[in-house]
Amino acid sequence: MSQGQGLRLISYQSRPNVSHPFLLTAHTLQPSRSWNHFSFKTPGMPKPFHLHLQLPLPLPSHNSRQPQTGTQDDGIPIDDVKVIAKFKTRYNYIRVLQVSRRADHPFAGSRLLLLDSPGNIHSISFLFKSLTNTYFDVFATLPPILPPGAVGILGFGAGSTARLMLELYPDLIIHGWELDPSVVAVGREYFGLEKLEKQYPNRLFISIGNGLKASIRNGFAGILVDLFSKGSLIPELQEPSTWHKLRKSLRKGGRIMVNVGGSCVEAEDEGRNGKMVMEETLKAMHRVFGDKLFVLNLGNRKDDDSSLALTGELAVPDRDAWKKALPRSLKGYVDMWAPYQG
């Protein structure tokens with residue numbers, strides 16, 4: 001139910017290695033403007049397999065032992081990408097990709113979870129580092145500005161955000177909701193989620209179901225919303241009533257951080273324009289939260305925007321305290337938040 005948006009360019013002939021009984025046919029992965037977004041289309045004749053990736057964040061890469069010469073404009077040779085699972089469920093078209101550690105690219109050594117026909121990246125995992133240089137890292141900055149209490153992740157995926165937050169905040173408790181049980185199963189098999197659950201049995205709780213119905217006793221200290229379906233933010237997020245309900249599920253002083261997508265998002269329905277849906281979502285949030293709404297834009301160009309939204313007060317002293325509570329690798333995101341200008 002949730003998804004993210006990224007990849008850059010691959011253009012090589014390949015026969016990907018698939019450990020799944022479903023037939024893998026020749027596809028062309030068309031370049032999109034998204035920063036963690038794929039777009040698969042089957043051509044009439046076999047063509048090279050293309051992969052598109054853009055890294056949006058203007059911050060430098062962190063936790064990298066070796067300097068990388070590759071940039072977001074460089075391609076990943078298809079020989080360095082392996083499809084290790086591919087199947088459809090009631091809700092998603094699930095694919096798991098492994099990028100070789102040899103690849104001269106910021107995503108070298110990563111494992112990617114794609115969902116839906118457009119091929120949106122839902123989760124990212126690296127073997128030797130926790131940070132992803134994607135919006136999952138921004139999500140992980142939320143706990144220091146929350147009151148004591150549990151955080152809810154609506155649209156849990158394979159656990160990219162949860163893994164990082166559990167490592168950064170030793171006392172944090174996370175309740176995750178994911179609509180598709182197969183997504184959680186894939187997370188356990190391919191993304192180390194089962195190990196994470198065993199490592200933090202009293203701090204990580206995952207429920208299968210509609211995230212908009214999530215609730216816990218005494219309310220959430222914070223909520224992360226990453227709810228997409230068929231390549232688009234779910235329609236409920238464009239309704240003020242949804243945000244009224246989510247606000248009521250917070251305890252006093254609680255906040256909500258949301259992946260609101262943007263023009264980078266490609267939906268199955270062409271009528272669900274990513275930028276338009278983002279703007280409608282922000283307007284709905286503004287009707288509920290008023291001037292206590294901030295936006296962080298991750299796009300590098302006007303036609304390549306991808307944004308997050310944050311609720312609550314955010315004065316200068318709050319930002320200073322927030323930065324002090326974060327590791328150096330995440331401090332830069334704090335100053336990127338700007339008041340919503342509807």
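Predicted model: local features only at pLDDT ≥ 70, side-chain atom pairs only at ≥ 80, totals over all residues.
Student: How many helices and strands does the protein have, and what makes a stretch count as one?

Tutor: The protein has seven helices and 18 strands. Both are DSSP runs numbered from the N terminus: helices are H or I with at least four residues, and strands are E with at least two.

Student: Why is Phe 191 called buried?

Tutor: Buried means under 20% relative accessible area, exposed means over 50%, and partly exposed lies in between, with a 1.4 Å probe and protein chains only. Phe 191 has a relative accessible area of 3%, and therefore it counts as buried. Phe 191 lies in the loop between helix 3 and helix 4 (193-199).

Student: What does Phe 191 touch, and how is contact decided?

Tutor: Contact means heavy atoms within 4.5 Å. Not counting residues up to four places away in sequence, Phe 191 touches several residues, including Val 96, Arg 111, Leu 113, Ser 123 and Val 186. Arg 111 is 80 residues apart from Phe 191 along the chain, and their C-alpha atoms are separated by 7.5 Å.

Student: Why does Thr 141 count as buried?

Tutor: The relative accessibility of Thr 141 is 1%, so this residue counts as buried. Thr 141 is found in the loop between helix 1 (135-139) and strand 9. Leaving aside neighbours within four places in sequence, its contacts include Tyr 169, Met 257, Trp 322 and Tyr 333.

Student: How do you know that strand 7 and strand 8 are paired?

Tutor: Two strands pair if DSSP finds at least two bridges between them. Six bridges join strand 7 (residues 110-115) to strand 8, and the two run antiparallel.

Student: What makes strand 5 and strand 8 the edge strands?

Tutor: The open sheet has four strands in the order 5-6-7-8, with antiparallel pairing. Strand 5 (81-88) and strand 8 (120-126) each pair on one side only, and they are the edge strands. Neighbouring strands of this sheet are turned by 15° against each other on average, direction ignored. Axes are lines fitted to C-alpha atoms, for helices over the stretch in contact, and angles run from 0 to 180 degrees between N-to-C directions.

Student: Which helix lies across this sheet, and at what angle to strand 6?

Tutor: Helix 3 (residues 181-190) lies across strand 5, strand 6 (93-99), strand 7 and strand 8, running at about 20° to strand 6.

Student: Why is strand 12 described as largely enclosed?

Tutor: Six of the six residues of strand 12 (residues 220-225) are buried, so the strand is largely enclosed by the rest of the structure. Strand 12 is joined by four bridges to strand 9 (residues 151-154), and these two run parallel. Five bridges join strand 12 to strand 15 (residues 250-261), also in parallel. Leu 224 stands opposite Met 257 in strand 15.

Student: What makes a group of residues a nonpolar core, and which residues have the most contacts inside the largest one?

Tutor: A nonpolar core is a set of buried Ala, Val, Leu, Ile, Met, Phe, Trp, Tyr and Cys residues joined through side-chain atoms within 4.5 Å. The largest has 52 residues, and Leu 204, Met 257 and Trp 337 have the most contacts inside it. A second, separate core of 31 residues includes Trp 177 and Phe 220.

Technical notes:
Residues numbered from 1 in each chain as written. Heavy atoms only, no water.
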